[in-house]
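Please open the model in a viewer and keep the selection panel at hand.

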Amino acid sequence: MGAMIKWLDIPPIWLLVFLALAWVQSSRLPVPFSGGWFTDLLGGLLAGGGLLLALLAVLEMRKAKTTVIPHLEPNVLVDSGVFGLTRNPIYLGDAMILAGLILYWEAWPSLILLPLFVWLITDRFILPEEQRLHAAFSNGFEAYRQRVRRWI
């Protein structure tokens, strides 16, 4: 049972949970203010940009032949491509998708979910990953950490 829960405790599942909460809020407790075409455009750009960023990161990790699964040990420190802009492009992409869909759905009260999502991802995934990367690549990871920010 514990192993199954570990495999369910992955960022895409958390993203889906937060998206479901925002969607429920927008459909069950809508806010009368409408941003019109602007929030549709901004939301679409954020969600699409987040999807693209995450996809580019996955492709970069595949090219380096390392895992994209957060609980597994990395065998390569990937610092090329989008990893030169942010140490966590997949998580940043997830946050952009969440922000974009909240805007698109005009789920204004659900904007509070965004910092909660960032905190949860940092606490549950990024900090343990950084410990594993430091243990595996010590000086190389420290140089990378000094050069590239965690989020943006």
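Select helix 5 (113-147), which contributes 7 residues, the most of any element, to the lining of the largest pocket. Helices here are DSSP runs (H or I, at least four residues), numbered from the N terminus. A pocket is an open set of points on a 1 Å grid over the protein atoms alone, where a 1.4 Å probe fits, with protein on both sides within 12 Å along at least five of seven lines; lining residues have an atom within 4 Å of a point.

The model is predicted: local features need pLDDT of at least 70, side-chain atom pairs count only at pLDDT 80 or more, and totals for chains, interfaces and linings use all residues. Residues are numbered from 1 along each chain, and side-chain values use heavy atoms, without hydrogens and water.

Next, select Met61, Val68, Ile90, Tyr91 and Glu129, which lie nearest the centre of this pocket among its 30 lining residues. Its volume, the space filled by probe spheres set on the points, is about 630 Å³.

Phenylalanine 33 is exposed, at 52% relative accessible area (exposed means over 50%, with a 1.4 Å probe, protein chains only).

Finally, select tryptophan 37 and phenylalanine 38, an edge-to-face pair at 6.1 Å centre to centre and 85 degrees between the planes. Tryptophan 37 is exposed at 64%.

Definitions and conventions. Helix = DSSP H or I, 4+ residues; strand = E, 2+ residues; numbered from the N terminus. Buried < 20%, exposed > 50% of the residue type's maximum accessible area, 1.4 Å probe, protein only. Phe/Tyr/Trp six-rings, centres within 6.5 Å; stacked < 30°, edge-to-face > 60°.
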